[in-house]
Amino acid sequence: MSKYLIVNGPNLNMLGVRDPKVYGTESLADIERSLFKAAEELGVSVDFYQSNHEGELIDRLHQAYGAYAGIVVNAGAFTHYSYAIRDALATIQIPFVEVHISNIHAREDFRHHSVLAPIAVGQIAGLGTYGYELALRAIVKKTK
Ligand code: CA2
């Protein structure tokens, strides 16, 4: 069975705890439950990982090398400036979809740019937590 990795970066562990106007009311555990269901339906398996630390995210991506068919990544604020996470994603050569809960293009200027987007299969932003399911469906369709 093809395996997919769902990676979440800094502060996303706080989903559902604060800022419901921007990020909605669902927790990360709620998102994981929805993705687990979608994965069952799609006939694939999913693993989840969240860290607030850049190096830990990079280590997890390195471990993914050769083990996953695709990745869904919300790198949080690292999206906008982490060349190290971009290099890790480029190195492991696993196709990935970038997801953002909020519409990063409608927010502060610094959020408009993603250093990951040029090497992503695609980007989903602004569709709320449903974006994760769309991203999983898209990467599975591309790679399964
Ligand atoms: O819209 C997204 O998914 C973001 O990746 C979320 C990041 C932000 O830095 C990006 O620009 C866009 C921040 C995640 C913060 O999550 C929180 C959730 C609840 C309460 C506080 C923070």
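This is a predicted model: local features need pLDDT of at least 70, side-chain atom pairs count only at pLDDT 80 or more; totals for chains, interfaces and linings use all residues.
The buried residues of helix H5 are covered by elements that include strand E1 (3-8), helix H2 (28-42), strand E2 (45-50), strand E3 (70-74), strand E4 (96-100) and strand E5 (122-125). The buried set of H5 consists of Gly131, Tyr132, Glu133, Ala135, Leu136, Ile139 and Val140. In an α-helix, residues three or four places apart point the same way, because there are 3.6 residues a turn. The length of H5 was also checked. The helix covers residues 130-143, 14 residues in total.

The ligand site was examined next. The ligand is surrounded by 17 residues. The closest are Asn74, His80, Ile101, Ser102 and Arg111. A polar side-chain atom of Ser102 is placed 2.5 Å from a ligand oxygen. In the side chain of Asn74, an N or O atom lies 2.8 Å from an oxygen atom of the ligand. Ile101 uses its backbone instead: a polar backbone atom of Ile101 is 2.8 Å from a ligand oxygen. The ligand taken alone exposes 510 Å², and the protein buries 94% of that area.His80, one of the closest residues to the ligand, is located in the loop between E3 and H4. The relative accessible area of His80 is 11%, so His80 is buried. Beyond its neighbours within four places in sequence, His80 contacts Ile104, Phe110, Arg111, His113 and Val115. Arg111 is itself listed among the closest residues to the ligand.

Ser82 also belongs to the loop between E3 and H4. With a relative accessibility of 1%, Ser82 counts as buried. Its contacts, leaving aside neighbours within four places in sequence, are Glu54, Val115 and Leu116. Val115 is likewise a contact of His80. Ser82 and Gly131 are separated by 49 residues in sequence. In space, their C-alpha atoms are 22 Å apart. Gly131 is one of the buried residues of H5.

Phe78 is buried, at a relative accessible area of 9%.

Glu98 lies in strand E4, one of the elements that cover the buried residues of H5. The relative accessibility of Glu98 is 0%, so Glu98 counts as buried. Neighbours within four places in sequence aside, Glu98 is in contact with Val73, Thr79, Ser114, Leu116, Ala117, Ala120, Gly122, Gln123 and Ile124. Glu98 and Asp19 are 79 residues apart along the chain. The separation of their C-alpha atoms is 21 Å.

Ser114, a contact of Glu98, sits in the loop between E4 and E5. Ser114 counts as buried, with 6% relative accessibility. Its side chain forms a polar contact with the side chain of Glu98 at 3.0 Å. The side chain of Ser114 also reaches the backbone nitrogen of Leu116, at 3.1 Å. Not counting residues up to four places away in sequence, Ser114 touches Thr79, Glu98 and Gln123. Thr79 and Gln123 are also contacts of Glu98.

Asn11 is not a glycine, yet has a positive phi of about 75 degrees. Asn11 is found in the loop between E1 and helix H1 (20-23). The relative accessible area of Asn11 is 55%; the cut-off for exposed is over 50%, so Asn11 is exposed. Gln93 is not a glycine either, and has a positive phi of about 55 degrees. The loop between helix H4 (83-92) and E4 holds Gln93. Gln93 is exposed, with a relative accessible area of 68%.

Technical notes
Residues are numbered from 1 along each chain as its sequence is written. Side-chain values use heavy atoms; hydrogens and water are left out. Helices (H or I, at least four residues) and strands (E, at least two) are DSSP runs, numbered from the N terminus. The expected span of a helix is 1.5 Å times one less than its number of residues. Buried means under 20% relative accessible area, exposed over 50%, partly exposed in between (1.4 Å probe, protein chains only). Contact means heavy atoms within 4.5 Å. A residue is near a molecule or strand if one of its heavy atoms lies within 4 Å of it. A polar contact is a pair of N or O atoms within 3.5 Å; within protein, one must be able to donate a hydrogen and the other to accept it, and residues adjacent in sequence count only if both atoms are side-chain atoms. Accessible areas come from the Shrake-Rupley method with a 1.4 Å probe; for residues, only the protein chains shown count as cover.
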